[in-house]
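Student: I am new to this one and would like to learn how to read it. Could you take me through a few features?

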Amino acid sequence: AEAIVLEPTEFPGLETGTRLAGGTVGYNDGETIDAALSYLEVPRSRKSYLGPDGSVVATREGLRTYSPSLWFTRLFGVEGLWLKGEFAWQTHDDLDMRAYAYALWPGYRAEHLPWKPGISYRYAYFSGDDPSTTRYERYDPLLSGGQNNYVPGALLSSALVNANMRGQRLTLTANPTDEVALTLEYSHYRAIEANNRGAIGPLQQLSSKDLAQEVDLFCNVYFGKHAYLQGVLAAAFPGAAIRDAVGGSAKNWYAAQFSVYFFF
(Lines give C-alpha, C1' and ligand atoms only; values in the text may rest on other atoms or scores of the structure.)
Protein backbone atom coordinates (compact mmCIF):
# COMPACT_ATOMS: atom_id res chain seq x y z
CA ALA A 1 0.00 0.00 0.00
CA GLU A 2 1.16 3.53 -0.68
CA ALA A 3 -0.13 7.06 -0.30
CA ILE A 4 0.91 10.05 -2.42
CA VAL A 5 0.72 13.83 -2.42
CA LEU A 6 1.94 15.44 -5.66
CA GLU A 7 2.72 18.97 -6.74
CA PRO A 8 3.31 18.56 -10.49
CA THR A 9 5.92 20.61 -12.32
CA GLU A 10 4.03 22.51 -15.04
CA PHE A 11 5.16 24.46 -18.09
CA PRO A 12 5.82 28.16 -17.37
CA GLY A 13 2.82 30.21 -18.43
CA LEU A 14 0.54 27.15 -18.39
CA GLU A 15 0.41 26.56 -14.65
CA THR A 16 -2.89 25.32 -13.24
CA GLY A 17 -1.83 24.97 -9.60
CA THR A 18 -2.99 21.35 -9.61
CA ARG A 19 -2.34 19.22 -6.52
CA LEU A 20 -3.02 15.49 -6.32
CA ALA A 21 -3.55 13.23 -3.34
CA GLY A 22 -4.50 9.59 -3.07
CA GLY A 23 -3.13 6.11 -2.80
CA THR A 24 -2.98 2.54 -4.05
CA VAL A 25 -3.63 -0.82 -2.42
CA GLY A 26 -2.11 -3.68 -4.40
CA TYR A 27 -1.44 -7.39 -4.34
CA ASN A 28 1.22 -9.34 -6.23
CA ASP A 29 1.78 -13.06 -5.72
CA GLY A 30 5.18 -12.87 -7.43
CA GLU A 31 4.17 -15.32 -10.14
CA THR A 32 0.96 -14.67 -12.07
CA ILE A 33 -1.23 -11.92 -10.58
CA ASP A 34 -0.69 -8.22 -10.02
CA ALA A 35 -3.87 -6.47 -8.83
CA ALA A 36 -4.35 -2.92 -7.58
CA LEU A 37 -7.00 -0.39 -6.63
CA SER A 38 -6.05 3.30 -6.85
CA TYR A 39 -7.81 6.45 -5.73
CA LEU A 40 -6.89 10.04 -6.63
CA GLU A 41 -8.48 13.35 -5.74
CA VAL A 42 -7.66 16.93 -6.67
CA PRO A 43 -7.83 19.21 -3.61
CA ARG A 44 -6.65 22.22 -5.61
CA SER A 45 -6.57 23.27 -9.28
CA ARG A 46 -7.39 26.16 -11.60
CA LYS A 47 -7.66 24.02 -14.74
CA SER A 48 -11.01 24.66 -16.46
CA TYR A 49 -13.56 22.18 -17.77
CA LEU A 50 -15.40 23.54 -20.81
CA GLY A 51 -18.97 22.91 -21.90
CA PRO A 52 -19.98 22.36 -25.56
CA ASP A 53 -20.39 26.14 -26.06
CA GLY A 54 -16.88 26.84 -24.74
CA SER A 55 -18.01 28.23 -21.38
CA VAL A 56 -16.32 27.16 -18.14
CA VAL A 57 -18.53 24.67 -16.28
CA ALA A 58 -16.11 23.88 -13.43
CA THR A 59 -12.45 23.50 -12.57
CA ARG A 60 -10.48 20.33 -11.95
CA GLU A 61 -10.59 21.01 -8.21
CA GLY A 62 -12.92 18.42 -6.69
CA LEU A 63 -12.18 15.65 -9.22
CA ARG A 64 -12.13 12.09 -7.88
CA THR A 65 -10.75 9.08 -9.79
CA TYR A 66 -11.21 5.40 -8.89
CA SER A 67 -9.08 2.92 -10.82
CA PRO A 68 -8.86 -0.88 -10.45
CA SER A 69 -6.32 -2.83 -12.52
CA LEU A 70 -5.43 -6.48 -12.98
CA TRP A 71 -2.43 -8.06 -14.70
CA PHE A 72 -1.99 -11.80 -15.39
CA THR A 73 1.60 -12.62 -16.36
CA ARG A 74 1.09 -16.33 -17.12
CA LEU A 75 -2.44 -16.49 -18.48
CA PHE A 76 -4.06 -19.97 -18.48
CA GLY A 77 -0.73 -21.34 -17.30
CA VAL A 78 0.96 -20.51 -20.63
CA GLU A 79 4.46 -19.11 -20.16
CA GLY A 80 4.81 -15.75 -21.91
CA LEU A 81 1.05 -15.17 -22.37
CA TRP A 82 -0.21 -12.13 -20.44
CA LEU A 83 -3.24 -9.89 -20.12
CA LYS A 84 -3.57 -6.47 -18.53
CA GLY A 85 -6.88 -4.74 -17.85
CA GLU A 86 -7.48 -1.30 -16.35
CA PHE A 87 -10.53 0.85 -15.65
CA ALA A 88 -10.94 4.41 -14.34
CA TRP A 89 -14.14 6.11 -13.14
CA GLN A 90 -14.31 9.84 -12.46
CA THR A 91 -16.76 11.96 -10.49
CA HIS A 92 -16.64 15.54 -9.21
CA ASP A 93 -17.65 17.30 -6.01
CA ASP A 94 -19.12 20.37 -7.74
CA LEU A 95 -20.15 19.05 -11.17
CA ASP A 96 -22.50 16.37 -12.45
CA MET A 97 -19.62 14.40 -13.96
CA ARG A 98 -19.44 10.77 -15.01
CA ALA A 99 -16.34 10.05 -17.08
CA TYR A 100 -14.48 6.81 -17.59
CA ALA A 101 -11.62 5.10 -19.37
CA TYR A 102 -10.57 1.50 -19.82
CA ALA A 103 -7.94 -0.58 -21.57
CA LEU A 104 -7.49 -4.24 -22.48
CA TRP A 105 -3.99 -5.33 -23.39
CA PRO A 106 -3.20 -8.99 -24.21
CA GLY A 107 0.22 -10.11 -25.37
CA TYR A 108 2.59 -13.01 -25.86
CA ARG A 109 6.39 -13.29 -25.68
CA ALA A 110 8.11 -16.46 -26.89
CA GLU A 111 11.05 -16.70 -24.51
CA HIS A 112 12.07 -20.09 -25.90
CA LEU A 113 12.54 -18.89 -29.50
CA PRO A 114 15.54 -17.07 -31.01
CA TRP A 115 15.24 -13.27 -30.58
CA LYS A 116 12.40 -13.88 -28.06
CA PRO A 117 9.70 -12.41 -30.35
CA GLY A 118 6.66 -10.81 -28.78
CA ILE A 119 3.34 -9.40 -29.92
CA SER A 120 0.66 -7.44 -28.10
CA TYR A 121 -2.51 -5.50 -28.90
CA ARG A 122 -3.98 -2.75 -26.76
CA TYR A 123 -7.43 -1.22 -27.04
CA ALA A 124 -7.96 1.91 -24.95
CA TYR A 125 -11.07 4.09 -24.58
CA PHE A 126 -11.30 7.55 -23.00
CA SER A 127 -14.81 9.01 -22.83
CA GLY A 128 -15.84 12.29 -24.44
CA ASP A 129 -18.46 14.87 -23.49
CA ASP A 130 -21.78 14.27 -25.23
CA PRO A 131 -23.22 17.74 -26.06
CA SER A 132 -26.79 16.39 -26.01
CA THR A 133 -26.66 15.78 -22.23
CA THR A 134 -26.30 18.16 -19.27
CA ARG A 135 -23.82 15.80 -17.60
CA TYR A 136 -20.07 16.31 -18.14
CA GLU A 137 -18.48 13.13 -19.54
CA ARG A 138 -15.02 14.06 -20.84
CA TYR A 139 -12.31 11.97 -19.21
CA ASP A 140 -9.50 13.91 -17.53
CA PRO A 141 -6.16 12.07 -18.04
CA LEU A 142 -4.44 14.10 -15.29
CA LEU A 143 -0.72 13.24 -15.64
CA SER A 144 -0.67 10.84 -18.56
CA GLY A 145 2.76 9.52 -19.48
CA GLY A 146 5.14 6.63 -19.83
CA GLN A 147 6.70 5.59 -23.11
CA ASN A 148 5.06 2.45 -24.56
CA ASN A 149 2.14 2.87 -22.14
CA TYR A 150 -0.63 5.42 -22.62
CA VAL A 151 1.06 8.34 -24.36
CA PRO A 152 -0.67 8.54 -27.79
CA GLY A 153 2.51 8.08 -29.82
CA ALA A 154 5.95 9.68 -29.71
CA LEU A 155 4.78 12.37 -32.14
CA LEU A 156 1.00 12.51 -31.71
CA SER A 157 1.31 13.11 -27.97
CA SER A 158 2.13 16.72 -28.87
CA ALA A 159 -1.32 17.10 -30.50
CA LEU A 160 -3.60 14.55 -28.81
CA VAL A 161 -4.50 13.90 -25.18
CA ASN A 162 -6.10 10.82 -23.66
CA ALA A 163 -9.64 12.18 -23.67
CA ASN A 164 -12.55 11.78 -26.13
CA MET A 165 -10.55 9.14 -27.95
CA ARG A 166 -10.28 5.45 -28.66
CA GLY A 167 -6.87 4.08 -29.51
CA GLN A 168 -5.60 0.80 -30.90
CA ARG A 169 -1.95 -0.20 -30.79
CA LEU A 170 -0.20 -3.26 -32.23
CA THR A 171 3.29 -3.88 -30.86
CA LEU A 172 6.00 -6.26 -32.07
CA THR A 173 9.13 -6.83 -29.98
CA ALA A 174 12.38 -8.77 -30.33
CA ASN A 175 15.70 -9.20 -28.52
CA PRO A 176 18.45 -10.19 -31.00
CA THR A 177 20.83 -10.33 -28.01
CA ASP A 178 20.53 -9.74 -24.29
CA GLU A 179 21.83 -6.20 -24.85
CA VAL A 180 19.58 -5.19 -27.78
CA ALA A 181 15.80 -4.62 -27.66
CA LEU A 182 13.69 -3.78 -30.74
CA THR A 183 10.10 -2.49 -30.65
CA LEU A 184 7.84 -1.72 -33.62
CA GLU A 185 4.47 -0.08 -32.93
CA TYR A 186 1.48 0.90 -35.04
CA SER A 187 -1.19 3.11 -33.45
CA HIS A 188 -4.57 4.31 -34.71
CA TYR A 189 -6.75 6.96 -33.00
CA ARG A 190 -10.39 8.00 -33.44
CA ALA A 191 -12.52 10.51 -31.57
CA ILE A 192 -15.65 9.55 -29.62
CA GLU A 193 -17.56 12.86 -29.95
CA ALA A 194 -17.27 15.77 -32.42
CA ASN A 195 -17.35 18.03 -29.36
CA ASN A 196 -13.70 18.13 -28.28
CA ARG A 197 -13.59 21.11 -25.89
CA GLY A 198 -10.45 20.88 -23.80
CA ALA A 199 -8.15 19.78 -26.62
CA ILE A 200 -5.46 22.01 -28.16
CA GLY A 201 -6.76 25.12 -29.94
CA PRO A 202 -7.62 23.97 -33.50
CA LEU A 203 -9.21 20.70 -32.35
CA GLN A 204 -12.04 22.08 -30.17
CA GLN A 205 -14.70 20.96 -32.67
CA LEU A 206 -14.12 18.07 -35.06
CA SER A 207 -15.54 17.57 -38.54
CA SER A 208 -14.48 13.91 -38.55
CA LYS A 209 -13.67 11.25 -35.97
CA ASP A 210 -10.58 10.11 -37.87
CA LEU A 211 -7.75 11.63 -35.83
CA ALA A 212 -4.41 10.12 -36.83
CA GLN A 213 -2.11 7.11 -37.18
CA GLU A 214 1.50 6.62 -36.11
CA VAL A 215 4.34 4.13 -36.65
CA ASP A 216 7.30 4.02 -34.23
CA LEU A 217 10.50 1.99 -34.21
CA PHE A 218 12.58 1.85 -31.00
CA CYS A 219 16.03 0.33 -30.59
CA ASN A 220 17.61 0.13 -27.14
CA VAL A 221 21.23 -0.98 -26.78
CA TYR A 222 22.39 -1.57 -23.19
CA PHE A 223 25.96 -1.03 -22.05
CA GLY A 224 26.33 -2.83 -18.74
CA LYS A 225 24.06 -1.80 -15.88
CA HIS A 226 24.57 1.96 -16.03
CA ALA A 227 23.92 3.16 -19.58
CA TYR A 228 21.95 2.51 -22.74
CA LEU A 229 21.54 4.04 -26.18
CA GLN A 230 18.07 4.56 -27.60
CA GLY A 231 17.27 5.23 -31.23
CA VAL A 232 13.75 6.23 -32.34
CA LEU A 233 12.29 6.56 -35.84
CA ALA A 234 8.70 7.82 -35.96
CA ALA A 235 6.12 8.81 -38.56
CA ALA A 236 2.64 10.22 -37.90
CA PHE A 237 -0.16 10.62 -40.43
CA PRO A 238 -2.91 13.19 -39.63
CA GLY A 239 -6.46 12.06 -40.30
CA ALA A 240 -9.39 14.06 -41.66
CA ALA A 241 -10.15 15.59 -38.23
CA ILE A 242 -6.72 17.21 -37.97
CA ARG A 243 -6.50 18.12 -41.66
CA ASP A 244 -9.87 19.90 -41.59
CA ALA A 245 -9.03 21.67 -38.33
CA VAL A 246 -5.98 23.36 -39.87
CA GLY A 247 -7.52 24.40 -43.18
CA GLY A 248 -7.81 21.24 -45.22
CA SER A 249 -4.25 19.97 -45.44
CA ALA A 250 -1.58 18.84 -43.01
CA LYS A 251 1.80 17.30 -43.75
CA ASN A 252 2.89 13.98 -42.34
CA TRP A 253 5.25 14.25 -39.37
CA TYR A 254 8.61 12.47 -39.18
CA ALA A 255 11.24 12.28 -36.47
CA ALA A 256 14.56 10.61 -35.73
CA GLN A 257 16.04 10.70 -32.24
CA PHE A 258 19.14 9.22 -30.66
CA SER A 259 19.73 9.46 -26.91
CA VAL A 260 22.19 8.09 -24.37
CA TYR A 261 20.93 7.49 -20.81
CA PHE A 262 23.14 7.12 -17.75
CA PHE A 263 21.88 5.91 -14.38
CA PHE A 264 23.49 4.83 -11.14
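**Reading cavities and residues**

Tutor: Let us start with a list: the second largest cavity is lined by Arg122, Ala124, Phe126, Tyr150, Pro152, Asn162, Met165, Arg166, Gly167, Gln168, Arg169 and Tyr189. This is a predicted model, where local features need pLDDT of at least 70 and side-chain atom pairs count only at pLDDT 80 or more, while totals for chains, interfaces and linings use all residues. Residues are numbered from 1 along each chain as its sequence is written, and side-chain values use heavy atoms, with hydrogens and water left out.

Student: What is a cavity, and what are lining residues?

Tutor: Rolling a probe the size of a water molecule over the atoms shows where empty space is left. On a 1 Å grid over the protein atoms alone, a cavity is a set of points where a 1.4 Å probe fits but cannot get out, and lining residues have an atom within 4 Å of a point. Grid points are joined across faces, edges and corners, and a volume is the space filled by probe spheres set on the points. Here, the second largest cavity holds about 70 Å³ of space.

Student: Which strand gives the most to the lining of the second largest cavity?

Tutor: Strands (E, at least two residues) are DSSP runs, numbered from the N terminus. Strand β10 gives the most, with five residues. Both β9 (118-126) and β10 (165-177) supply at least two residues each.

Student: How do the residues of that lining of the second largest cavity divide?

Tutor: Ala, Val, Leu, Ile, Met, Phe, Trp, Tyr, Cys and Pro count as nonpolar, Asp, Glu, Lys and Arg as charged, and the others, Gly among them, as polar. This lining has six nonpolar, three polar and three charged residues. In the largest cavity, of about 80 Å³, the lining divides into ten nonpolar, two polar and one charged.

Student: Is Gln230 buried or exposed?

Tutor: Buried means under 20% relative accessible area, exposed over 50%, and partly exposed in between (1.4 Å probe, protein chains only). Gln230, in strand β13 (residues 227-238), counts as buried because its relative accessibility is 4%. Leu182, in strand β11 (residues 180-191), counts as partly exposed at 27%.

Student: What is Leu182 in contact with?

Tutor: Contact means heavy atoms within 4.5 Å. Leaving aside neighbours within four places in sequence, Leu182 has contacts including Trp115, Leu172 and Phe218.

Methods. Helices (H or I, at least four residues) and strands (E, at least two) are DSSP runs, numbered from the N terminus. On a 1 Å grid over the protein atoms alone, a cavity is a set of points where a 1.4 Å probe fits but cannot get out, and a pocket is an open set with protein on both sides within 12 Å along at least five of seven lines; lining residues have an atom within 4 Å of a point.
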